[in-house]
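Here is a set of questions and answers on one structure. Take each question to the model before reading on.

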Amino acid sequence: MFTRLTRTMLRQRQTNFSHLYHSNQRYLSKLDQPLPVREEFVKPSPLNTKELEAIPCDLGKHRIPSGASDWLAWKLVRLLRFFADGFFKEKYVHRGIMLETVAGVPGIVAGMTRHLSSLRKFRTDHGWIHKLLHEAENERMHLMTWMQLTTPSPFERFIVIGTQALFFTCYLSMYLVAPKACHRFVGYLEEEAVVSYTHFLEQIDAGKIENTPAPQLAREYWNLGPDATLRDVVLAVRADEASHRDTNHEMADRIWEHQEDLNTKLNSPHHEVILPITRKSAAHSKPETQKSQ
């Protein structure tokens, strides 16, 4: 009787352990495959090229600076673009690696800062922390994707380490005193990212960059088909950057208007223009149409 009872208990424990193990494996698998930031990529069936091209990005969308901090943020981004163009020229994958190592910093810094603020003030953050950390994770996935296609040189790695250390320190210091200006800066940075990835697409379409098969990491993350190509990946990344552009400009507006609850609609209209994307980037072109957000 005792032996049968012992065997029954052992079998039950093995069953429970097996269930726990497989549950944890499924959980870890989900953690290893983070969700994309845009709902267009969360579909039961993989996306094809036409569906990727149909994702709204508002190419050339530019927020008109209003105030000294906006102008300073815009001019700083333009200066950074000048150096990036001179250093990388048309090495777009290497440019993407550098861009994403920097672009992944603001979300984690802002999310951490607002998380600590929420703890100190004993109040909710109205959805900012989750959105900012999700943005940082998305930028990191961009980097992981480009790392599947090339390997940075030792000099580029040195530049990345130095740039990230400097940018992290400066951005954290600025976010503590001027969060609106920081989000505006990121909004302008993402405007330029959309321009860069549009130029990347042009080079692929012109045959100057080989349209290789998409890495498996990219296919799984953006829900792309088995025959997806590099061009499809660039379309997906550009759509993400357009989303970050709009999000950070909105966050800057919300801080200025004291309407930080993301569940409420921002009341005040803010003027934007749609500019043609040229080789000099959208910021140097003449406006074609104007609209309000």
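Buried means under 20% relative accessible area, exposed over 50%, and partly exposed in between. The model is predicted.

Q: Is W128 buried or exposed?
A: W128 lies in helix α5, residues 128–147. Its relative accessibility is 0%. The cut-off for buried is under 20%. W128 therefore counts as buried.

Q: Which residue's backbone oxygen does the side chain of W128 reach?
A: E260 and L262 are both among the contacts of W128. The side chain of W128 reaches a backbone oxygen at 2.5 Å. That oxygen belongs to E260.

Q: Where is F122, and is it buried or exposed?
A: The loop between α4 and α5 holds F122. F122 is not a glycine, yet its phi is positive, about 55 degrees. Its relative accessibility is 76%, so F122 counts as exposed.

Q: What class does the accessibility of H126 give it?
A: H126 also sits in the loop between α4 and α5. Its phi is positive too, near 60 degrees. Relative accessibility is 33%, between the cut-offs of 20% and 50%. H126 therefore counts as partly exposed.

Q: Which element gives the largest share of the lining of the largest pocket?
A: The largest pocket has a volume of about 950 Å³. α3 (68–88), α4 (92–121), α6 (154–177) and α7 (179–205) each supply at least two lining residues. The largest share is 12 residues, and it comes from α3.

Q: How many nonpolar residues are in the lining of the largest pocket?
A: The lining has 30 residues, with L80, V102, F167, F185 and L189 nearest the centre of the pocket. Of the lining, 3 residues are polar and 3 charged. The nonpolar residues number 24.

Q: Which element gives the most to the lining of the second largest pocket?
A: About 420 Å³ of space lies in the second largest pocket. Of its 17 lining residues, R114, S117, K121, R123 and E260 are closest to the centre. α4 and α6 each give two or more residues to this lining. The most, 7 residues, come from α4.

Q: How many charged residues line the second largest pocket?
A: The lining of this pocket includes 6 nonpolar residues. Another 5 are polar. The charged residues number 6.

Q: How far apart are the end C-alpha atoms of α6?
A: The buried residues of α6 are E156, V160, F167, Y171 and Y175. At 1.5 Å a residue, the 24 residues of α6 should span 34 Å. The end-to-end value agrees: 35 Å.

Q: How many residues of α9 are buried?
A: Helix α9 covers residues 230–257. Its 28 residues should span 40 Å at 1.5 Å a residue, and its end C-alpha atoms are 41 Å apart, which agrees. The helix is mostly covered. Of its 28 residues, the buried ones number 24.

Technical notes
Residues are numbered from 1 along each chain as its sequence is written. This is a predicted model: local features need pLDDT of at least 70, side-chain atom pairs count only at pLDDT 80 or more; totals for chains, interfaces and linings use all residues. Side-chain values use heavy atoms; hydrogens and water are left out. On a 1 Å grid over the protein atoms alone, a cavity is a set of points where a 1.4 Å probe fits but cannot get out, and a pocket is an open set with protein on both sides within 12 Å along at least five of seven lines; lining residues have an atom within 4 Å of a point. Grid points are joined across faces, edges and corners, and a volume is the space filled by probe spheres set on the points. Helices (H or I, at least four residues) and strands (E, at least two) are DSSP runs, numbered from the N terminus. Ala, Val, Leu, Ile, Met, Phe, Trp, Tyr, Cys and Pro count as nonpolar, Asp, Glu, Lys and Arg as charged, and the others, Gly among them, as polar. Buried means under 20% relative accessible area, exposed over 50%, partly exposed in between (1.4 Å probe, protein chains only). Contact means heavy atoms within 4.5 Å. A polar contact is a pair of N or O atoms within 3.5 Å; within protein, one must be able to donate a hydrogen and the other to accept it, and residues adjacent in sequence count only if both atoms are side-chain atoms. The expected span of a helix is 1.5 Å times one less than its number of residues. Lists of a residue's contacts leave out its neighbours within four places in sequence.
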